[in-house]
Every structure is written in C-alpha cells, then in structure tokens.
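Subject: Structure handover

Hello,

Here is the structure I promised you. My notes on it follow below.

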Amino acid sequence: MAKLKITKQSEDFSKWYVDTVLNTDMADYAPVKGCMVIKPYGYAVWENIQQALDKMFKDTGHVNAYFPLFIPESFLHKEAEHVEGFAPECAVVTHGGGKLLEEPLVVRPTSETIIWSMYAKWIDSHRDLPILINQWANVVRWEMRTRLFLRTTEFLWQEGHTAHATAQEAEFETRQMLDVYANFAEEFAAVPVLRGRKTDKEKFAGAIYTLCVEALMKDKRALQWGTSHNLGQNFAKAFNVTFQTEAGTREHVWATSWGVSTRMIGGLIMVHGDDNGLKLPPKLAPFQVVIVPIYYNDEERQAVLHVVDRLLAELRPDVRVKVDDRDNYKPGWKFNEWEMKGVPLRLELGPKDIAANHAVIARRDAGPKEKLTVSLDGMKATILDLLDQIHRGMFAAALKFREDNSHRVETYEQFKDVLDNQLGFVYAHWCGETVCEQAIQDETKATIRCIPFDQPPEDGACVHCGKPSHGRVPFARAY
Ligand SMILES: [Zn+2]
C-alpha cells in the first residue's frame with residue numbers, strides 16, 4: 001500500500017531510505033527497541049539471497065548445520081581479543097524457568113566459541129579434517145543507534161566456520177569465500193565491490209586478519225558488504241583443539257570464519273534506489289515481472305486473462321512473475337506501486353494489445369514514460385534478455401557512480417576538503433600505523449575501508465604524518 005510520499009534522495013538521504021523501506025513493505029519497526037520485522041516482500045529478497053549464496057557455498061564443498069542460540073558466558077572469555085570485542089554488545093540471560101542460572105548464557109553475537117567447543121569433540125586426527133560448515137542463523141548485538149536492515153540488535157546472517165590441517169588451506173579458504181561474496185555482490189546484486197584486507201584496527205576480534213568487500217552507497221558513504229576471517233590457531237588454542245598429523249605429531253587446527261547478513265539488503269537498496277523508491281536487481285527481486293491486465297468489462301476481462309494464463313504457463317518457472325489482477329485498484333495506481341517496489345519489468349496487456357499480438361513493457365531502470373512494444377510470440381526469450389540487460393545496466397551504472405566518486409588526494413587539506421564537500425572513496429597514502437589511522441578517524445570520521453588486493457605499488461608520503469607509504473588506501477565515511 002502506498003501511504004506516504006517518499007522524500008527525495010537529494011533532500012534527505014536517510015529519510016529517503018526509511019520512507020522507501022517502510023512504504024515498499026520491506027520491513028517495519030518492532031515493538032522491541034532496536035529490532036525490526038522483515039515483512040514478506042523484504043523476506044522474499046532475503047530468500048533469494050539465501051538461495052543463491054547457499055548454492056555457491058555448496059558448490060565450494062560446504063554443508064549446513066545448526067548450533068545453539070545460547071553460549072555459556074565462560075566460552076566467550078577463552079579468547080582474549082574475542083571477548084574484548086564482543087562482550088560490550090552481548091545480551092546475557094541470567095534467569096531460566098524462574099530460577100537464577102548457575103552460569104549466565106550469552107545470546108550469540110557470533111558462534112566461533114560454541115562451534116569450536118564442539119570441534120574439540122569432533123576433531124582428533126587429520127582424517128577428521130577439513131570441516132566445512134555453514135550456519136544460517138540469527139545473532140544479537142546490542143545496538144544503541146539502529147537503522148532498518150543496516151544496524152539492528154537482532155539480525156539474520158550466515159556464518160561459515162571451517163577447520164583445516166594447514167595454514168595454507170585456511171588461507172586459501174579465507175580468500176575463496178571472500179571471492180564468493182564479491183561474485184555474489186556483482187553477479188546477483190549488481191553491486192560493484194572493492195576487495196581487500198582490513199587494517200589491524202578494523203579486523204575481526206580474534207582473527208589473524210580479515211578480508212572484506214566494500215561497496216559505495218548513493219549518498220557516497222561506504223558499506224562493508226561481507227567479511228572473511230583467517231583465525232589462525234587462535235580458537236583451536238582457546239578450546240584446545242588438536243589433531244594427529246600424518247607424521248604422528250599433534251598440532252593445533254587452523255580456522256576461518258566468514259559471514260554476510262541482512263545488511264546487504266540495506267546495501268542494495270542504497271546502491272540502486274532512486275526518488276521513485278526501490279530498484280531491485282533482477283536476480284534478487286521477489287517478482288521479476290508484474291503483469292497488469294487492463295480491461296473495462298467482463299468480456300474483455302476474460303479475453304485478457306486468457307492470454308495472461310498462456311503467458312504464465314510460458315514464463316514460469318524460469319521467470320518470477322506476478323499477475324496484479326486486483327479489481328479494487330486502477331491500472332495507473334498499480335503502475336506506481338510496482339515502480340516504487342522496484343520490480344524490474346512491468347507488462348501491460350489490454351484488448352487492443354491482444355488484437356495486435358503484442359504487450360507493452362516498462363523497464364524500472366528507464367524513465368516511466370519510456371515503454372516498449374513487444375510481440376507476444378517468444379515472450380520468455382524477450383523477458384530473459386531484458387532482465388539480463390537490466391542487470392548489466394544496473395551494475396554499469398553503480399560502477400560508474402563509484403568511479404565518479406573515487407578521488408585521489410595528496411595533502412591532508414585536500415583529504416578533509418573532499419570528505420567535507422564530496423565524500424566517496426578517498427585514495428590517499430597511509431604510513432601503515434594504527435595510531436595515525438585512529439587520529440585520521442577521530443579528526444575526519446573516515447576509516448580505511450580496506451587495503452585493496454590490486455593496490456598498485458606507488459611511493460608517497462602518509463597524508464597525515466608524512467612518513468613513507470608504498471601505496472594508496474581508500475578512506476571513506478561508512479555505515
Ligand atoms: Zn601516518
């Protein structure tokens with residue numbers, strides 16, 4: 001139901017975002033502060049995300065399992081950096097069944113500890129390795145300031161937790177899963193991403209290093225799209241997980257973990273959306289085509305719906321198609337609603353169209369007045385081709401936007417000027433020191449998004465302290 005007008009992006013981007021999410025029935029605020037309800041239309045996007053990623057995980061040898069929501073509080077304390085990173089945002093259960101618990105239970109903020117407590121039972125020999133498990137679950141991280149999809153106290157995600165016999169295997173896995181996330185972002189969400197490594201300051205609490213993919217939103221702020229962590233032997237040591245090698249010695253197991261969440265939905269809304277609302281990438285859209293039949297009497301209705309049925313039989317199941325045959329809304333009203341909801345293609349079909357053996361198609365990625373007339377013969381091939389064009393067009397537009405909003409700066413004055421007046425990715429030299437990185441963040445609210453894998457070697461001076469640097473890193477203000 002369209003209820004409110006959507007604020008223009010140029011007027012107030014945050015307001016545009018909230019208006020869009022609420023008006024398109026993606027999500028709603030929950031009665032519990034910091035929590036959200038994912039409504040059916042938003043959940044359908046999540047299901048499409050899950051389906052695509054799950055296949056990619058399985059194609060790379062992973063299997064799904066499920067671990068408990070509650071983690072004994074003492075588990076969190078076994079890995080020093082991990083507890084320091086997560087304890088402040090944990091929800092803790094102290095009572096159960098009306099009684100004080102002997103040991104408080106943490107509601108999982110992430111599952112490394114509970115999973116590694118189980119791996120300790122399951123791993124004894126090199127023959128037990130590798131373990132390549134993924135979990136689809138919810139997690140809780142107490143948040144003070146929340147935003148629908150982007151930052152909520154409870155959110156949905158997947159977390160992969162793998163165990164390996166060698167450091168090399170763990171290293172390979174960490175990179176492989178990052179590439180899975182990057183490919184998913186580009187090939188399904190039409191979101192171009194930077195791939196790289198987090199600085200030590202930004203890495204996951206308990207990791208040796210963290211790899212990440214980063215995207216640029218339309219308000220020119222960055223969003224971390226996904227992360228993949230090489231945990232080294234940190235969790236194996238904390239939970240005493242060793243295995244007998246082929247040579248007969250005992251060694252600690254090597255680990256990785258990796259995750260993406262419902263936050264990606266917020267990301268794809270902010271990468272593609274416009275003043276008319278959502279613009280959903282065809283591969284993740286709940287409906288790729290909405291058919292709006294047009295008729296003015298029963299006879300026309302029958303004739304039009306007869307052709308609609310024929311089209312449905314042709315299009316399904318390869319195309320996700322919905323027929324909007326609600327009689328209590330006028331066609332024009334329906335056009336506006338599906339445009340706002342970001343459906344890639346709208347197909348209009350009336351008696352005159354049928355007589356001429358064609359249909360009228362509107363593309364969400366074109367202007368609302370631009371319409372195509374296409375033959376009813378071979379409709380499936382036409383639609384699949386249009387969906388592919390839309391995906392490629394959306395990706396190209398997002399990539400161009402990112403490139404247009406990537407800046408190279410030499411001095412700290414320029415650096416601050418770009419952040420204050422333009423935002424985007426700011427490529428600057430950095431000395432590699434955490435103190436300097438922190439000072440830049442305190443002064444400008446910009447963080448280093450990653451050290452790109454494809455960073456070209458280039459000698460220069462740190463934009464903040466002037467010490468030598470060997471390459472540029474992208475800074476940005478981020479979500
Ligand atoms: Zn420096």
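First, a term you will need: buried means under 20% relative accessible area, exposed means over 50%, and partly exposed is in between (1.4 Å probe, protein chains only). Helices (H or I, at least four residues) and strands (E, at least two) are DSSP runs, numbered from the N terminus. This is a predicted model, in which local features need pLDDT of at least 70, side-chain atom pairs count only at pLDDT 80 or more, and totals for chains, interfaces and linings use all residues. Residues are numbered from 1 along each chain as its sequence is written, and side-chain values use heavy atoms, with hydrogens and water left out.

Start with helix 14, residues 434–444. Its buried residues are Cys436, Glu437, Ala439, Ile440 and Thr444. Seen down the helix axis, they fall within an arc of 160°, so they line one face of helix 14. (The arc is that of the directions from the helix axis to the C-beta atoms.) The face turned away from the buried side carries Val435 and Asp442, both exposed. What do the buried residues of helix 14 pack against? Helix 13 (412–421), strand 22 (447–448) and strand 26 (472–476). Contact here means heavy atoms within 4.5 Å. Lysine 445 follows helix 14, and its phi is positive, near 65°.

Now the metal. The zinc ion has the protein donors Cys431 (SG), Cys436 (SG), Cys462 (SG) and Cys465 (SG), lying 2.3 Å from it. Donors are N, O and S atoms within 2.8 Å of the metal (3.2 Å for Na, K and Ca); water is not among the atoms, so sites may look incomplete. The spacing of the donors along the chain is C-x4-C-x25-C-x2-C. Cysteine 436 sits in helix 14 and cysteine 465 in the loop between strand 24 (460–461) and strand 25 (468–469), so the pair ties together parts that are 29 residues apart in sequence. Cysteine 436 is buried, at 7% relative accessible area. Cysteine 465 is partly exposed, at 36%. The site is tetrahedral, with angles of 104 to 115° among its four donor atoms. Four donors count as tetrahedral if all angles lie between 85 and 135 degrees.

**Helix 2 and the cores**

Helix 2 covers residues 40–59. Its 20 residues should span 28 Å at 1.5 Å a residue, and its end C-alpha atoms are 28 Å apart, which agrees. The expected span is 1.5 Å times one less than the number of residues. Among its buried residues are Trp46, Ile49, Leu53 and Phe57. Glycine 61 follows helix 2, with a positive phi near 90°.

A nonpolar core is a set of buried Ala, Val, Leu, Ile, Met, Phe, Trp, Tyr and Cys residues joined through side-chain atoms within 4.5 Å. The largest has 58 residues, and Leu53 and Trp225 touch the most other members. Helix 2 gives the largest share of this core, eight residues. A second, separate core of 26 residues includes Leu305, Val308, Ile361 and Ile390.

**Helix 9**

Helix 9 (residues 298–315) has 18 residues. It reaches 25 Å from first C-alpha to last, close to the expected 26 Å. Val304, Leu305, Val307, Val308, Leu311, Leu312 and Leu315 are buried in helix 9. They fall within an arc of 165° seen down the axis, so they line one face of the helix. On the other side, Asp298, Glu299, Gln302, His306 and Ala313 are exposed. The cover over the buried residues of helix 9 includes strand 15 (289–293), strand 17 (345–349) and helix 12.

**Backbone points**

Which peptide bonds should you look at?

- Leucine 129 to proline 130 is cis, with omega near -5°. Proline 130 is in the loop between helix 5 (112–122) and strand 7 (131–140).
- Arginine 316 to proline 317 is cis too, with omega near 0°. Proline 317 is in the loop between helix 9 and strand 16.

Two positive phi values also turned up in residues other than glycine.

- Aspartate 25 has phi near 60°. It is buried, at 14% relative accessibility.
- Asparagine 357 has phi near 60°. It is partly exposed, at 30%.

Best wishes

Conventions: Four donors count as tetrahedral if all angles lie between 85 and 135 degrees; four count as square planar and six as octahedral if opposite donors are over 155 degrees apart and all others between 65 and 115; anything else is irregular.
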